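Hi there,

Here is the structure I promised to pass on. Please have a look at it first, and then read my notes below.

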Amino acid sequence: MSSRIRYVAAVCLIACLVHAAEPTAVTEPVNSSATSLKTSSSSLQFTDLEGRIQTPLSQPDQRAIILFFVLPDCPISNAYAPEIKRISAEYSQRKIASFVIYVDPDLTTDAAKKHAKDYGYECPVICDNSLRLVQQTGVTIAPEVAVLDATGQRLYRGRIDNLYAGLGKRRPKATELDLRNTLDAILNGKPVPNETTQSIGCFIAKPELNKTAP
Amino acid sequence: MSVRHLLCTAILGLVVGLASSQRLLAEVTFSKDIAPLIFQKCTSCHRPGEAAPFALQTYADVKKRSELIESVVIERQMPPWKADRGDALFRYERRLEDDQMTLITDWIKNGMPEGNPAELPPLPEFPIGWSLGEPDLIVKMKEPFTVPADGPDIYRNFVIPLELDSERWVTAIDFRPSARSVVHHSLFFFEATGLARKIDGEDQQPGFKGGMGAIARLRGGPAVLTPDASETEPGRPARRQQPGAGLGFFGDQAANESPKFGPLGGWALGAQPHPLPDGLAFRLPAGSDLILATHFHPSGKAEEEASTVGLYFTKDPTKRRFTAIQLPTAFGAFKGINIAPGTKEYVVEDSFELPVDVEAFGVGAHAHYLGKSMKMTATLPDGQTQTLLSIPDWDFAWQEQYRFANYVKLPKGTRLHSRITYDNSADNPRNPSHPPARVRFGEESTNEMASITLQVVAAQESEMPKLIDGYRVHFRQSLLKTPLLKMLQGGQR
């Protein structure tokens, strides 16, 4: 008898707790299996800040693609600009294409151009105001990177390195070079060390809050 | 039976509790509850033209950043205020109360209702220009210093001649960086012998290499007593002070009647300039140069910094002389700091019994990247213990100088105790060495220092000499207990 009561009690409690948690539960973006991007998405086209048409999910003549997701008013994102530029320049010589993707839905093209110029990005820069690439790759933080194969298949999503141990906790120097290790593994035909890592930085707006139809 | 009863009560309680908390939560709106908090705690920096990276002035601003706000508030990264609530309240405190923190996080969880915009309080009127009014003296760095796009943090000292032909008394200094995204904090000092000018530009860049090492060079400070004293180079002016004289980081006006080097306060991100309380003022000798000991964070893009500084003088000399009680003495130079790699908790402590009644008005702490926690307590003669400063998660980047809301009265016989802990393991992300290396005392940021400094006046001005003498005795005793000194004495026998 008392065990039945306990059972009922447990069920009630769980129900109550679930109910209590309900208003706080955030529905995750559907594309959690973003490892395989829809084939139709690989033809996604963007006009970069220079006015050139870009297909950042499809680069048939490259060995891989890096998408650097950044927010122009995030200090952590900005602090990575020099490393983003170094990686982009070094790996472009080894047939890995880089794109810097601004992911602030409110960012104007003029503000993006000014920021890209101030921070000296040399690879193509795309304003993804409708967050289609965010949705496609499953990134949530800026700075965060997605590494894709030439056809847009996701190989890695996560941090560039571990320079930040937490918000406001910057190491003197990064000790885990996750992105570089991933790229080197790809170039050497080896499996990537980690498919995902946790990035530290500012939150990207939730794509589902935006009325978009990729 | 009783189980069932208990169960019913529990469920009922839970349901009622939930319902009421849901109802309360639903009533929390931006306009009525959140905006006043944001305006008071965040907007002074989070507005256009200030150091913070984005504005927090409207419902849309706050809603857009809600996830980040939630994280930094829960982690107490923001508002920047590292001290816990102790027994003595601080003036100008930016800390969020626990219930304020909960209000914000609950509001975010509840979907961030805006509420009635008519209930929105007006944005505070933030001062435009010099917040304390037109300064008595405005000076600027002679030439800009270039902060590179990336790399480690930079500590740099800049020398600004003040051209004063008579002594002045400084009640406040306002500091205006030109490149707000890279300037993190600046500590102010005066130097009246011309030594700083000589060092200035010795590496062909404006200013000279900063950090406490450089400050020690200027004051003839603890470096003289350390094994790797770089100050024994020939040709450098011998300006050593007597042990016990002028040892404070924050104020040692009374220790020496006319020091040629001394502190003038500081500025950190998020702080507004405030005059010293109660007619207190720092003495600034004629012919002094102002030294800005500035800490830069590279921001991802090269910036040029040319700080402007406004000094506020009082007409009269300081109403009361004040001094600093630093524990351990000399930034821990006599403590034999020697932290083996991998040590999770290394403790440095010091105590001092007050020889006279004192009134404390400020407190600050200093350690480097391994510093983990800081605590200063006062055990009164009646046995009651008060926490004067507690920083549970020390961060070298936030060297706040805390000011008490009121004088904290500490009677004669009160025992001040400081306890500083260090983490030299790989788990400390700020550890400058990877893998961790042995760390000893020193001024470089890869060495360690230890001090908590209490700024005090003697309750009776006439007892100031007794206070200073008492501290000098403590200083000498600390020196004689230095592990190195003992070792040397042992070796000579």
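I began with chain B, where the domain assignment gives domain 1 (23–119), domain 2 (138–230 + 242–314) and domain 3 (323–492); such bounds come from an automatic or database domain assignment. Domain 1 of chain B puts eight residues into its contact with domain 2 of chain B, which supplies five residues (contact: C-beta atoms, placed from the backbone, within 7 Å). On the domain 1 side of chain B that touches domain 2 of chain B, five residues are nonpolar, one is polar and two are charged. Here Ala, Val, Leu, Ile, Met, Phe, Trp, Tyr, Cys and Pro count as nonpolar, Asp, Glu, Lys and Arg as charged, and the others, Gly among them, as polar.

Before going further, some housekeeping. This is a predicted model: local features need pLDDT of at least 70 and side-chain atom pairs count only at pLDDT 80 or more, while totals for chains, interfaces and linings use all residues. Residues are numbered from 1 along each chain as its sequence is written, with chains lettered from A and ligands numbered from 1 in the order in which they are written.

Chain B has nine helices and 21 strands (DSSP runs of H or I, at least four residues, and of E, at least two, numbered from the N terminus). Of its 493 residues, 42% are buried, meaning that 20 or more other C-beta atoms lie within 10 Å of the residue's own; 12 or fewer makes a residue exposed, anything in between partly exposed, and C-beta atoms are placed from the backbone. Of the chain B contacts between residues at least 6 apart in sequence, 83% join residues at least 24 apart.

Now to the cores. The largest nonpolar core has 93 residues, and Val170(B), Phe189(B), Val358(B), Ala360(B), Leu389(B) and Leu454(B) touch the most other members. A core here is a set of buried Ala, Val, Leu, Ile, Met, Phe, Trp, Tyr and Cys residues joined through C-beta atoms within 7 Å. Because domain 2 and domain 3 of chain B both give residues to this core, it lies between them. Apart from it lies another core, of 51 residues, including Ile65(A), Ile66(A), Val147(A) and Leu163(A).

Strand E3 (residues 64–70) of chain A is largely enclosed by the rest of the structure, because seven of its seven residues are buried. Ala64(A), Ile66(A), Phe68(A) and Val70(A) cover one face, and Ile65(A), Leu67(A) and Phe69(A) the other. Phe69(A) stands opposite Ile101(A) in E4(A) and has Glu144(A) as its bridge partner in E7(A). Ile101(A), in turn, stands opposite Ile126(A) in E5(A).

Happy browsing, and do send me your thoughts!

Key: Two residues are in contact if their C-beta atoms, placed from the backbone, lie within 7 Å. Two strands pair if DSSP finds at least two bridges between them.
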